[in-house]
Amino acid sequence: MQFHHHGYVSTDPRIKPAAGVGIDRPAELPDEVDVLIVGSGPAGMLTAAQMAQFPSITTALVERRDGRLVIGQADGIQARSVETFQAFGFAERIIQEAYRITEMCFWKPDPENPDHIVRTARTPDDPTGISEFPHLIVNQARVLDYYAEAAAHGPARLKPNYGWEFQTLEVTNEGDYPVKVTLTDEDGNERIISAKYVLGADGARSRVRDSIGAQHVGGVSYHAWGVMDVLANTDFPDVRTKCAIQSKHGSILHIPREGGYLFRMYVDLGEVAADDAGAVRKTPLDTIIAKANEIITPYSLDVKDVAWWSVYEVGHRVTDRFDDVPVEQAGERMPHVFIAGDACHTHSAKAGQGMNVSMQDGFNLGWKLAHVLEGRSPESLLSTYTAERQVIAQNLIDFDREWSSMMAAKSEELESPTALEEFYVKTIEFPAGFMTEYPESLIVGNNKHQDLAKGFTLGKRFKSVIVNRVCDGNPKHLGHLHQADGRWRIYAFGDKDSTKLHEFGEWLGTNPESPVLAHRKDGEDINALFDVKAIYQTPYDEVDITKAPAIFKPENGPFGLVNLENVFAADVEESIFDIRELSKDGVVVVVRPDQYVAHVLPLDATDELAAFFKPIFTV
């Protein structure tokens with residue numbers, strides 16, 4: 001964390017000075033906003049936290065509840081989400097209060113007594129070491145609290161406006177604020193808000209989705225589950241371990257919760273008749289508890305307290321588009337209304353994906369809105385949101401359909417006795433959040449030079465490795481320095497003698513065609529849009545930092561203080577060049593503001609680098 005470059009700071013440096021719209025921000029909802037976010041779930045709150053970093057943009061968030069969420073339905077936090085928390089500055093704190101999943105146990109009918117269950121396998125949660133971040137369990141309400149804090153502490157000082165319910169909207173395509181949104185307060189009084197852009201993060205029954213005529217395509221599986229968060233005494237030995245339990249009486253997905261005592265059970269209630277008309281949702285809690293006891297025989301469950309419970313049927317739906325542009329008009333006009341999270345994809349809870357994928361929706365969209373509203377990028381950038389996220393949502397539905405079907409099946413119905421645990425291990429990269437791979441587009445380059453950085457796949461998120469900071473020798477995870485500040489990253493990995501690295505650095509810092517200079521606004525710090533870092537092949541104590549080009553040591557703030565913390569060297573024993581298969585002739589890796597690799601280029605491909613950014617930026 002860097003601070004003091006605008007003057008001495010004696011208070012919490014995580015609370016950024018108010019600026020722009022954040023200075024004396026009024027508590028009441030304004031009549032006109034640049035961005036109106038409807039719904040304070042994971043997608044909405046992450047987007048709010050992102051937009052709060054841009055004090056020139058007026059963003060408002062409305063929520064029909066009268067206050068913060070108290071008990072959330074989602075609780076699984078995949079490694080990619082924790083990586084995202086790191087970018088927003090609260091990963092370490094949420095890890096401390098969360099439950100960490102390190103393994104999963106599989107229980108099946110005892111061959112000698114099929115009425116009883118026995119443990120048949122114990123599988124590491126991340127057997128291949130796919131991420132340095134943990135797989136966590138923590139209540140959704142706490143995740144939202146952390147994002148709310150990040151939004152409130154951002155320069156724009158953004159806080160939710162509670163007690164406002166969305167009714168409808170109209171896109172007029174007229175004036176500076178073409179979207180007219182009708183809201184009502186708790187007393188039923190109407191209010192019209194004019195917005196440039198609207199994000200509907202208002203859940204599976206999204207009114208924003210309905211207002212733009214988007215269609216939720218899919219159906220239910222006609223299989224019901226009861227879910228409950230309970231405090232209980234039990235002789236089940238794996239009560240503090242994640243478990244997939246399959247018995248002759250049905251299945252349970254068992255998930256320990258944070259705090260050491262609470263746990264969640266998804267309890268199989270069996271097939272539902274096609275003409276059930278939702279009657280199964282009236283299943284009483286006592287029935288769910290009794291069913292759980294039947295499934296875990298010979299063990300028993302004595303429930304003392306229930307924090308939350310529900311009954312649901314597994315549904316798999318994806319919206320036909322994630323914005324207000326009809327499919328047949330895609331590319332002809334630009335979107336002004338977007339939907340995210342459950343508003344555009346719904347699925348079972350058992351894969352632990354809902355909150356995680358929803359947050360990535362918001363992370364994908366937030367910086368794009370900021371680029372357009374700050375006048376940096378053309379509106380066409382916003383069309384990439386649907387293009388990128390709709391495919392990911394469909395992949396999620398396909399995965400979840402298979403996983404939830406296997407969870408509901410009896411062990412004898414599967415292809416083999418170990419099919420469930422084999423599927424869990426084989427597909428671990430997907431639920432961890434690391435299978436996302438965006439195709440070539442306006443913001444993802446071609447793969448012509450992919451062989452120069454085989455470990456940084458184009459369109460996939462940047463996989464961090466520890467490097468040594470030259471100025472002080474501190475080991476740092478390179479990717480963990482990527483803040484959710486809307487900036488692009490340019491990582492310049494040096495050649496053996498650093499000749500090409502220095503030539504690239506000189507060009508990047510002095511040539512008018514350099515994206516750093518060409519797209520810089522008057523009066524901005526040189527690193528306002530691009531965070532440029534150099535990584536040398538030689539050990540850190542052999543790097544002469546005084547010879548590093550100035551672009552790797554940018555001057556910041558009103559005093560023009562030199563930042564020495566952007567020059568790194570590969571670790572001697574575990575070199576990033578070897579781990580990520582980087583060319584020893586050097587390579588440039590460009591990373592988007594949402595941490596996905598946008599381009600891979602040789603150090604001397606400066607024309608290609610400049611050409612890549614020209615259509616992205618208008619400045």
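I'll start with cysteine 471, which is partly exposed, at a relative accessible area of 35%. Partly exposed here sits between buried, under 20% relative accessible area, and exposed, over 50%, with a 1.4 Å probe and protein chains only. Cysteine 344, by contrast, is buried, at 0%. A search of the whole structure for disulfides, meaning pairs of cysteine sulfur atoms within 2.5 Å, finds zero.

Some housekeeping. This is a predicted model, where local features need pLDDT of at least 70, side-chain atom pairs count only at pLDDT 80 or more, and totals for chains, interfaces and linings use all residues. Residues are numbered from 1 along each chain as its sequence is written, and side-chain values use heavy atoms, leaving out hydrogens and water.

Next, charges. How many salt bridges does the structure hold? There are 37, a salt bridge being a side-chain nitrogen of Lys or Arg within 4 Å of a carboxyl oxygen of Asp or Glu. One of them joins arginine 191 to aspartate 31, at 2.8 Å from N to O. That pair links distant parts of the chain, 160 residues apart: arginine 191 belongs to strand 11 (residues 190-200), and aspartate 31 to the segment before strand 1 (32-38). Helices (H or I, at least four residues) and strands (E, at least two) are DSSP runs, numbered from the N terminus. Aspartate 31 counts as partly exposed, with 49% relative accessibility.

Arginine 264 and aspartate 229 form another salt bridge, with their closest N and O atoms 2.7 Å apart. This pair also links distant parts of the chain, from strand 15 (residues 263-271) to strand 12 (residues 216-234), 35 residues apart. Both arginine 264 and aspartate 229 are buried.

Aspartate 578 pairs with lysine 584 in a salt bridge at 3.3 Å between the closest N and O atoms. Lysine 584 is partly exposed, at 34%.

Now the nonpolar cores: sets of buried Ala, Val, Leu, Ile, Met, Phe, Trp, Tyr and Cys residues joined through side-chain atoms within 4.5 Å. The largest has 115 residues, and Leu36, Tyr147 and Trp488 have the most contacts inside it. Helix 7 (residues 354-373) gives the most to this core, eight residues. Another core, of 28 residues, lies apart from it and includes Ala244 and Phe423.

Last, an annotation. An unreviewed UniProt entry lists residues 436-617 as "domain: Phenol hydroxylase-like C-terminal dimerisation"; such annotations may be inferred rather than shown by experiment. That span is 15% helix and 21% strand, and its end C-alpha atoms lie 25 Å apart.
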